[in-house]
Amino acid sequence: MLAFAVVKSALGGVEAADWPLNGRTHREEHFSPLTQIGPRTVESLGLAWQFDDFVVRGRTHRGNEATAIYADGVLYFSGPWSVVYAVDARTGRLRWRYDPHVAGQWAGRGCCDVVSRGVALWHGRVYVATFDGFLVALDARDGREAWRVDTFTDRVAMNYSITGAPRIAGHNVLIGNGGAEMGARGYVTAFDLETGRMAWRFFTVPGDPAKGPDENSAMMFARGTWSKDSRWDLGGGGTAWDSMVYDPELNLVYVGTGNGCPHPVWTRSPGGGDNLYLSSIVALDAGTGALRWHYQTTPGDSWDYTATQNIILADLKIGPRVRHVLMQAPKNGFFYLLDRATGELLSADAYTRVTWADRVDLASGRPVMTSQADFSTEPKLIWPSQAGGHNWMPMSFNPATGLVYIPTLEMPMNFAVTPASDVKFRPGANNEGDSVDVPAQAVPQLATVLKAWDPVTHRMAWQAAAGPFWGGGALSTAAGIVFAGAADGSFTVYDARSGRVLKRIETGSGIMAAPITYQVDGTQYVAVLAGIGGAISAVGYPPGSAALSYENTERLLVFKLHGRPVPHPAPRAQEPLEPLPVLGGDDVPTPAVLAQGRALFGAWCAACHAFRGAPNAYPNLWNLPLATHAAFETIVHDGALAEVGMPSFAGSLAPAEVRAIQQFIVADEASSRAEQSATNH
Ligand code: CA
């Protein structure tokens, strides 16, 4: 009886006006039946209201990745540092804010910033997973904690962090974690919605055999696909950091798993092997967590090709019959259609440029790899990049057009190897085991392109004009339109069938997150979180980013018909040129010290601060005030700014190493200034 009620509520119970789950319904289509805003009316779309009160306790801007949730006149969403907001959906007035007080020091445990992709809502409770690993149930009326549990198995030897949104699955709430870049063993856990008691846990890769027997038959089976000499000390990876979809019809949970650690299979699992269940979709029994089937998108992954990207459930007529399918466009560049009852591969087609494989063989389900894929002996230029042909920005499925709208990323990378002996477990450090760079030449585009893919005919119906890299997630509606933001600050409405631009609003804020829509008091609204950040920090704001012209303040922008223009944020402040400090008195740093400083910067700092000439959300280390330089060691080593999110590196860097980093920065800036002045004269 209860199961029936759950199915009913999942499939028929979502009112057209509502957006109560991450992808709106359990199918996670990112689609709405609302039609007030449509091709004939959208011209007057403008701002209804905005909410911009995101900064807590002096912590700096990190960007917004969350998909908001709407129910009963209230919007619920999370921002950086896993802070939860409940605002009036008509006016934007803040009802309550919940700050989980994530330890600033924990910022060093994540690969890709302290972002959060959303909350879950169920029967008067809001669920959020914090960056530092706690799952918290809040009273939806006032944001008070109902319960709080620690979801991490290990807070010391593994670099876990959480950026994903919890999902509701029957009696349970699901959460995974991230950290595969830095040394983590992936898993997903189900907790009882009422009490927070753990219901089940599924590890995605086998653990260190020295630490105990395999947890279940799925782990025993997976172990056969790993070398005995695998780098168990680094956890293996496979972290489930984004997509977890509940299927009430089949009582299954589909979880997308991440890349391995270290990245190259020859380092991670010497001798090779598929390394299950990396870069896979695993179907688990929603009640017990037992593995029902799995499909691995990238066997023996060496390219950071996670399969964590958003999964959408649909019923599609393929050939003579309707198939119950799931769809995913993981990083590796192929769009997959699987029978969700059995895991049978129905189709796999490239949705972007792919050079690591020619195609996917449907009979075996395996990619047919090219010689270009192997970078074990020489660097290779490979499409897609580590960022993938599609990342976490949600794609949308419109059952009326039958099209899937994919925010694709068009970028290759040069992949090279780090010697296996150099890959050590270092808390807070990158343990990827490879080095990559974005090629400066021979790249036709470096962009985000919204593409409309027909999963039945395997045809690209249309693609939008290219925008700057790292653009926004998609929303489609029954009115035949598609919404998507972009890094350049535009928010665009497309005709769902033709891709024609129907309306474009310049917001001045880079947009990564996916929009939602809801209706209250007879008015349809479209809400999108704005502010750019996350993994893009490592390379700086891409050319054309709004954040290069305007302050990158986080905002929730809410639109309606007959709305007003969106106020742009303040122009990005021009920093006065600071004088460079004289370090170490008369001792000029040796080339060896500067080289050491550069290498340490790359290993420990660059994931957030990026190298010179790549502005992002973080303080510009190449133009620090003298007072900050004077406090450099106090900040980097002693953690003077840990509370605002700059962790102490005392556990990883000796004071002399911190000084080498500082000397590298100062010398690098000095030579750049000398070069510039030579050019100017
Ligand atoms: Ca990754």
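I took donors as N, O and S atoms within 2.8 Å of the metal (3.2 Å for Na, K and Ca); water is not among the atoms, so sites may look incomplete. The model is predicted: local features need pLDDT of at least 70, side-chain atom pairs count only at pLDDT 80 or more, and totals for chains, interfaces and linings use all residues. I number residues from 1 along each chain as its sequence is written, and side-chain values use heavy atoms, with hydrogens and water left out.

I looked up the donor spacing along the chain and found E-x77-N-x44-D for the calcium ion. The protein donors are Glu 181 (OE), Glu 181 (OE), Asn 259 (OD1), Asp 304 (OD) and Asp 304 (OD), at 2.2 to 3.1 Å from the ion. I then placed the pair Glu 181 and Asp 304, which links distant parts of the chain, 123 residues apart. Glu 181 is in the loop between strand S12 (172-175) and strand S13 (187-192), and Asp 304 in the loop between strand S18 (291-296) and strand S19 (312-318). Strands here are DSSP runs of E, at least two residues, numbered from the N terminus. I find both Glu 181 and Asp 304 buried (under 20% relative accessible area; exposed is over 50%, partly exposed in between; 1.4 Å probe, protein chains only).

Cysteines. I searched the whole structure and got 1 disulfide (a pair of cysteine sulfur atoms within 2.5 Å). The disulfide joins Cys 111 to Cys 112, S to S 2.2 Å. Its S-S torsion is about -105°, so the disulfide of Cys 111 and Cys 112 is left-handed. Cys 112 is partly exposed at 27% relative accessible area. Cys 605 is in no disulfide, and the nearest cysteine sulfur, that of Cys 608, is 9.1 Å away.

Technical notes. Helices (H or I, at least four residues) and strands (E, at least two) are DSSP runs, numbered from the N terminus.
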